[in-house]
Amino acid sequence: SPLASCGPLHSIVRRLEVSICGKKDHFAIAFTERRRFVRVQYTKPSCVMWTRRQSTSCAFNDFLALLMCITVVVVANVLIQSAPVAAAAPTIIEQSSGSGGQSLMSRMLAWGVDNSNLADLAKKAEAIKAGSMTEDHIDPEVLAALFPDPNESLKKLLHVVADREGSSVGQRVEALELVRESLEEIDHAKDAIQSPLASVLRTILQEGEHSLSFQAAWTIATTAQHVDSVQQYFVNNGVVTPLLVVLKSSSTPRNVANKALFALGVLVRDNEEARKEALANGLLEALAGVVESDINDSLKAKGLTLASDLCRQDGFTCGMFAAMGGKSLCAAAHLCNSPEAGMDMQEKASDFLRDVFQSLKNNKVGGQGVQLALRKLHRCQAPKALKSSIEWCQRMAESEGQEGDEVVSQLCLSLNEALGGLQALMAEGSAASAPLGLAAGWAR
């Protein structure tokens, strides 16, 4: 060996660093989370062997020493991942129980090691020692191992995700989780357009396996968020309707439905094509079912928020929602009067009602469906519920200290706007609804 060890080998699982001191030179290899790439550095002042974007030539012994350092990294990582028994430890893909707190870079590194041919690397090292491979003929596979192409890594992971026959559900879930985490950065998300990501995720949603659907919907949401081109890519590849099917299915667990609604919200808010497709395939009915649920959780909060956004964007859509019978509007009104649901949920419910009533009034949306919805609101005592919630909110405002004033004041304002919008609609609709016998009740 051209290196004489002058210090211990330090290896850390979450941020793996290997340093070996020679008599003259010092080599360091760091696998770091900064910008998510592997940095391999030769710290001799006159030579940097490889950095992220450049390659220079060094003496043969320097290259051999660097290759030995890389070999040490691979062996150290294998030892770290191995259990203290003779049997081989499961790979990172096989550990379906979770990441155990490891960083994305550590997990991606482990996955890469477990899916590399260490025997071939050993043969290449022997070839270098024998002199049959020089620095002028560096194997492209070595460079690829040091600086993996993100697109190629994505394709390999997607192959595992799509392989129903050769990969277990746990392996596919873990691979898909790595895909999602690697695409959280906007630049990486844009690169995904050139991959089969959308078609793979669409197929997973259609399979009906809940753990995979959870990760698929989450991946769509995080990848498409704030990136118009990626949103259009998913819409063009037909993921909207499968997401709706997952959301509407009675067998879908609420945590999976929550991610499906998250993804739908990302797509339909800013993409008109996605919004039209979703509305044509039952988005409003799905939102009504979420709002009318007895469970006050993040799924209901997302449903209220998305319904509010749709009403603000389009009065006709809001009229369609109101014309569905008013049951969800009644549910929201009584949610406003449920302090046990929490102020955040109360405010989302009151914002939803305010936006519905304001949109109906501003866009002159009427018709028998809306009139029947107003009748339903009168019968379920929605005005009384809103008045009661306002009284409760005012008492809270009087008793709250300085810290809670802003939150309570905002809730009270939203509740007042919701009640005002409902009363204005009822006043306008009383004459038109006289044949239904509602005028006297609305006047009260």
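**Aromatic pairs and helix packing**

Trp218 is partly exposed, with a relative accessible area of 24%; here buried means under 20% relative accessible area, exposed over 50%, and partly exposed in between (1.4 Å probe, protein chains only). The model is predicted, so local features need pLDDT of at least 70 and side-chain atom pairs count only at pLDDT 80 or more, while totals for chains, interfaces and linings use all residues. Residues are numbered from 1 along each chain as its sequence is written, and side-chain values use heavy atoms, with hydrogens and water left out.

Rings of Phe, Tyr and Trp (its six-membered ring) pair if their centres lie within 6.5 Å; planes under 30 degrees apart count as stacked, over 60 as edge-to-face and the rest as tilted. By this rule there are three aromatic pairs. One of them joins Phe214 to Trp218 in an edge-to-face arrangement, 5.6 Å centre to centre with 75° between the planes. Both residues sit in helix α9, four residues apart, about one turn of the helix; helices (H or I, at least four residues) are DSSP runs, numbered from the N terminus. An α-helix has 3.6 residues a turn, so residues three or four places apart point the same way. Phe214 is buried, with a relative accessible area of 18%.

Phe321 and Phe352 form an aromatic pair that is also edge-to-face, at 5.6 Å centre to centre and 85° between the planes. This pair links distant parts of the chain, with Phe321 in helix α16 (residues 315-322) and Phe352 in helix α18 (residues 343-362), 31 residues apart. Phe321 is buried at a relative accessible area of 3%, and Phe352 is buried at 0%.

Helix α9 also has a helical partner. In α9, Ile220, Thr223 and Ala224 meet Val230, Gln231 and Phe234 of α10, where contact means heavy atoms within 4.5 Å.

Turning to helix α19 (residues 368-379), its 12 residues should span 16 Å at 1.5 Å a residue, and its end C-alpha atoms are 16 Å apart, which agrees; the expected span is 1.5 Å times one less than the number of residues. Within α19, Val370, Gln371, Ala373, Leu374 and Leu377 are buried. These residues cover an arc of only 155° around the axis, which puts them on the same side of α19; the arc is that of the directions from the helix axis to the C-beta atoms. Gln368 and Arg379 are exposed on the other side of α19. After α19 comes Gln381, with a positive phi near 60°.

Key: Helices (H or I, at least four residues) and strands (E, at least two) are DSSP runs, numbered from the N terminus.
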